[in-house]
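Subject: Structure for your files

Hello,

Please find the structure below. My notes on a few of its residues come after it.

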Amino acid sequence: MTVRPILVVGDPQLTTPAVAVTVFDRELAILVDDLYDTNTAAPGAGLAANQVGDPRSVFVYDLVDGGTRHRGHVVNPVLETSEIPETMPEPDELEGCLSVPGVTYPTGRADWARVVGVDIENNPVSVEGTGYLARCLQHETDHLDGRLYVDRLIGRNRRAARKLVKQLGWNEPGNVWMPGSDAIVRH
């Protein structure tokens, strides 16, 4: 399999909603394998296809929450959550993103989430959880809707993120990074 370069915030592919998968073939299976390999190399909790420049609606996740490993993929996910807080999150509710590498901010998320969709063979899939798993499901589904976690930030956190992205030159398209390297390069 292949570790793919990850797009950095500022690339329009990250803010373009994903397209529904209608063809379930070897190419889709290869994409999912590549997403797992890239996520592991990064290392991340999850990775959406548009983060590696593929427009299809699919993400992988691989994380440990409460001592339990959760690993899987969802094609054409539909998200359901408990209420999402609209107030300033607690400072320990940190979230990061492989497309905003090395940066974390307190981000409000629902306590519970469920994603339903299908797997690479078009079989029904349902993933449900609380805590870190719920955060990951919301985060990856946001990606496929064309939304980054920094877009969910409020108040001083939103201002700080925008300022940092601009300072780092990430507000322009074409920046990528290769897992295993700290360097952001123009693609």
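Predicted model: local features only at pLDDT ≥ 70, side-chain atom pairs only at ≥ 80, totals over all residues.

Residues are numbered from 1 along each chain as its sequence is written, and side-chain values use heavy atoms, with hydrogens and water left out.

T38 sits in helix α1, residues 26-41. Helices (H or I, at least four residues) and strands (E, at least two) are DSSP runs, numbered from the N terminus. T38 has a relative accessible area of 0% and is therefore buried; buried means under 20%, exposed over 50%, and partly exposed in between, with a 1.4 Å probe and protein chains only. Apart from neighbours within four places in sequence, T38 is in contact (heavy atoms within 4.5 Å) with T2, V3, R4, I6, L47, V52 and P179.

On the backbone, most residues other than glycine have a negative phi, and most peptide bonds are trans. The bond joining A42 and P43 is cis, with omega about -20°. P43 is placed in the loop between α1 and β2 (46-48).

Two asparagines have a positive phi: N76, near 55°, and N122, near 70°. N76 belongs to strand β4, residues 68-81, and counts as partly exposed because its relative accessibility is 23%. N122 lies in the loop between β7 (112-118) and β8 (124-130); its relative accessible area is 43%, so N122 is partly exposed.

Regards
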